[in-house]
Amino acid sequence: MVTMLLVVPLIILVLVLLLLNVQIHKKVDTFNTLNERVNGLNVLQQFMDTLSEDSSINEKLANINDIIIGKYNIKYSTIVVFDGADYVVRASNVDRKHWDTLRTLQSEQVFKDSIQNAIPKYITVDNESEKLAYQKTEFGRAKCAIFFPLYVDNVYIGYWIIEGSKPHEFDKVDTTILEVVRNNIVTMLKTVQNQSTIENIVRDDLYSGLKSAEYLYGEGKKIIDQHTTSAICIFKVVNLPDINKDISRKTGDMLVTKISEFMKNNLGKDYIFVRYMGPKFAIVFSGANPNGVQSFMEDMKKQMEAISVPAQEDYYDKLSAGGTPRSSLPEITVSPTIRIGIANYYKGTQLDGAFKKLEQFIDSNNAANITVL
């Protein structure tokens, strides 16, 4: 009887402890889940901070890769993206001598099901003497790997692969968390796609020797946004289309060359000068006030309109073809007619929108004087 009296309280105590233990485990699980979410948000915030940096696409992706390596204690991490022609290693902490192998993993049989079904693939060796299926000349660097195919709008664009230096190192890794990271990588790639496109389509204009307008929205914007406000300017050679048509195309091209050379020689090194489109040129006076720029451009307008270019040989060839002897043709010259508009640009606002508004004004206004919007 006494034994029963002692056992019953002990059983009750054990049950109470078990109940408390279950509740504690639930709280720990809840905390861990919440902590993972917080950590995930922190990592995402670091990704977003990286995106806002004034750096190239490759630098941004390299920084994102470094964040992944540091936050998740991963030995090796590599991001490979198809650029429309080839698979390119966009970010990796693996020695470059292995990059040729890493950028051809889409051809490896072991990863083809992963790509086809859009699911991660985990591979590992059982002992140090073995090598992974995709390794060619390397043996000791990686002993396990998880391959994550990357898709944007259901289109396969490349992959992210993480590698460990020990066999079975990733056996207990929660791939759910890593898939969240994978999704963040895809988001980053989508976000930087426009910047990448802009960086790739910038061209040097043949006749002016200037960058194309796309330069303003990529590399140029890094310089512009070092200042809170800047003056932006578009000037248009109004009579260039008529010179191309009525005189000759080579004469118009020579006029563009002369105007470009003149303006380049008179602009400060911190100012950005591009051929905007056709007869239009754009200048960003970084950190300058529009009123001060107006005075400067009034002087430039007078000097540009004083430029005189002789008609080029294709003009005389055209007339000679009609039967008129070259020796009897008078020598002619052309000079530009310039129209100018200036506006203020504020850092953080849409630069392309500001230029578009200025361009519309230039195209619709016939004023000879310089206008500040």
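Buried residues account for 41% of the 373 residues in the chain, which is shown here as a predicted model. The chain contains 11 helices and 13 strands. Two parts of it are described below: a pair of packed helices, α8 and α9, and a pair of strands, β7 and β12.

**The chain as a whole**
- Of the contacts with a separation of 6 or more, 65% are made by residues 24 or more positions apart.

**Helices α8 and α9**
- Two packed helices are described by the angle between their axes and the distance between the axes.
- Helix α8 spans residues 249-266 and helix α9 spans residues 290-305; they pack at an angle of about 145 degrees, and their axes lie 11 Å apart.
- The crossing of α8 past α9 is right-handed.
- On the α8 side, the contact is formed by Ile259, Phe262, Met263 and Asn266; on the α9 side, by Phe296, Met297, Met300, Gln303 and Met304.
- Seven nonpolar and two polar residues make up this contact of α8 with α9, with no charged residue among them.

**Strands β7 and β12**
- Strand β7, residues 229-237, pairs with β12 in the antiparallel sense, and nine bridges join the two.
- Within this pairing, Phe235 has Ile340 of β12 as its bridge partner.
- Strand β12 covers residues 338-346 and is mostly covered, with seven of its nine residues buried.
- In a regular strand, side chains alternate between the two faces of the sheet.

Technical notes. Residues are numbered from 1 along each chain as its sequence is written. This is a predicted model: local features need pLDDT of at least 70, side-chain atom pairs count only at pLDDT 80 or more; totals for chains, interfaces and linings use all residues. Side-chain values use heavy atoms; hydrogens and water are left out. Axes are lines fitted to C-alpha atoms, for helices over the stretch in contact, and angles run from 0 to 180 degrees between N-to-C directions. Helices (H or I, at least four residues) and strands (E, at least two) are DSSP runs, numbered from the N terminus. A crossing is left-handed if the near helix is turned anticlockwise from the far one by less than a right angle, and right-handed if clockwise. Contact means heavy atoms within 4.5 Å. Ala, Val, Leu, Ile, Met, Phe, Trp, Tyr, Cys and Pro count as nonpolar, Asp, Glu, Lys and Arg as charged, and the others, Gly among them, as polar. Buried means under 20% relative accessible area, exposed over 50%, partly exposed in between (1.4 Å probe, protein chains only). Two strands pair if DSSP finds at least two bridges between them.
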